[in-house]
Amino acid sequence: MINDYLRKDLNDFKPYHAPEKEYEVKIDANENPYSHSPEVLSKACQWLLEKDNITRYPDTDQHKLREKLAEIHHVSKDNITCGVGSDQLIEYIIKAFIEPGNVILSPNPSFSMYALSNTLNHGKTINYELEKDFSYNIDHIIDLYKEHNPKIIFICTPNNPTGTTINKEKLHKLLEVVKCPVVIDEAYGEFINEGMINEVSSYKQIVVLRTFSKAFGLAGLRVGYAIASQEMIEAINICKAPYNLSSFSAKMAMLVLEYLSYYQEQVQVLLNNRTIFMKQLKCIPTIEEVYPSEANFVLVKVKNIDIIKILENNKILVRGYGTEGRLAYCMRITVGTKEENEILIQTLNKYK
Ligand SMILES: Cc1ncc(COP(=O)(O)O)c(C=O)c1O
């Protein structure tokens with residue numbers, strides 16, 4: 001009966017699904033496998049004990065967190081807005097710019113939330129295909145821009161799940177032509193040297209998205225932020241729910257930033273782990289191809305898709321992509337601790 005009232009366009013809609021599964025090694029969601037700094041945890045506990053910290057509503061504008069982020073990124077706090085994960089910012093940006101039937105351009109293959117949020121907002125998604133090696137083809141995006149007059153273009157760099165990046169020269173070429181908002185999703189930005197945050201003063205149409213869910217180990221607390229021109233931030237904030245970020249999440253994000261070097265060292269460790277891990281993956285008989293990666297995950301093509309189920313039965317979770325489409329027979333593996341990587345390699349080696 002409820003379905004009679006449901007929006008007709010949602011009858012066949014497949015919501016984002018991340019099933020809970022038992023695991024011993026969880027390398028399916030690109031989280032940071034290492035622990036938090038003991039000082040951060042101790043300060044967090046202390047903070048929870050203080051009167052009023054969680055009984056009162058949080059600061060709806062996240063002033064302190066934005067100030068800290070502004071200091072780190074050398075921008076003004078007016079250039080920043082925070083969300084419940086960068087997922088929420090994707091949703092706000094779409095709400096702010098997309099009217100029913102408007103087009104967004106989204107990479108394929110890439111992160112599914114751009115199209116998902118857009119569909120929920122009555123927008124139309126046109127995918128632009130990445131090249132065979134999953135690199136970006138800027139001329140192709142420019143052609144589609146001219147053809148479809150999109151209201152937003154999404155770029156994901158490093159791209160999830162392919163691990164490919166787009167360099168600044170290519171982005172500049174695009175930004176010299178396109179006038180619409182361009183979202184540059186840098187969820188894995190801490191793993192690369194060169195991001196676009198320092199370009200927000202030159203290009204008023206860009207929004208750079210960052211998250212605390214990956215390098216900073218706060219996936220469970222859902223904190224993301226956008227950096228853009230003040231005009232762009234004001235537009236996004238029109239759609240912002242009051243008190244969106246919990247006070248504890250904002251506090252934890254600030255604590256993590258206070259101990260920035262601790263997390264930067266973890267990033268270095270993960271990058272070293274990735275180098276070793278990729279070499280090992282290349283020697284595994286059931287793996288047909290290991291794609292280059294600039295992020296904390298690696299995309300591989302397997303000969304037999306059953307291996308994903310086998311790993312799951314061994315309580316090792318990876319992200320599989322089935323047997324159809326551009327990611328057929330691929331799985332995305334998060335770079336874990338040395339021990340976790342070793343367990344995966346040993347398990348894969350058992351199945352020739
Ligand atoms: C490319 C990309 N963007 C955004 C997100 C969402 O991150 P958050 O946890 O901040 O919502 C993810 C999460 O996997 C991602 O891979």
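Biologist: What percentage of the 352 residues in the chain is buried?

Modeller: A residue is buried if 20 or more other C-beta atoms, placed from the backbone, lie within 10 Å of its own, exposed if 12 or fewer do, and partly exposed in between. Here buried residues make up 42% of the 352 residues. This is a predicted model, in which local features need pLDDT of at least 70, side-chain atom pairs count only at pLDDT 80 or more, and totals for chains, interfaces and linings use all residues. Residues are numbered from 1 along each chain as its sequence is written.

Biologist: How many helices and strands does the chain have?

Modeller: Helices (H or I, at least four residues) and strands (E, at least two) are DSSP runs, numbered from the N terminus. The chain has 12 helices and 13 strands.

Biologist: In what order do the four strands of the open sheet stand?

Modeller: Strands of a sheet pair through backbone hydrogen bonds, either parallel or antiparallel. Two strands count as paired if DSSP finds at least two bridges between them. The order in this open sheet is 9-10-13-12, with antiparallel pairing. Strand 9 (287–290) and strand 12 (319–320) are at the edges with a single partner strand each, so one side of each has no neighbour in the sheet. Between strand 10 (residues 297–302) and strand 13 (residues 330–334) there are five bridges, and Lys 301 stands opposite Cys 330 in strand 13.

Biologist: Which strands does helix 10 touch?

Modeller: Two residues are in contact if their C-beta atoms, placed from the backbone, lie within 7 Å. Axes are lines fitted to C-alpha atoms, for helices over the stretch in contact, and angles run from 0 to 180 degrees between N-to-C directions. Helix 10 (residues 260–282) packs on the sheet and touches strand 9 and strand 10, its direction making about 5° with that of strand 10.

Biologist: Which residues of helix 11 are buried?

Modeller: In helix 11 (residues 306–313), they are Ile 307, Ile 308 and Leu 311. These cover an arc of only 105° around the axis (taken from the directions from the axis to the C-beta atoms), so they are on the same side of helix 11. The face turned away from that side carries the exposed residues Asp 306, Lys 309 and Asn 313. Among the elements that the buried residues pack against are strand 10 and helix 12 (338–350).

Biologist: In which sense does strand 3 pair with strand 4?

Modeller: Strand 3 (residues 103–108) runs parallel to strand 4 (residues 124–129), joined by six bridges. Ile 104 has Thr 125 as its bridge partner in strand 4.
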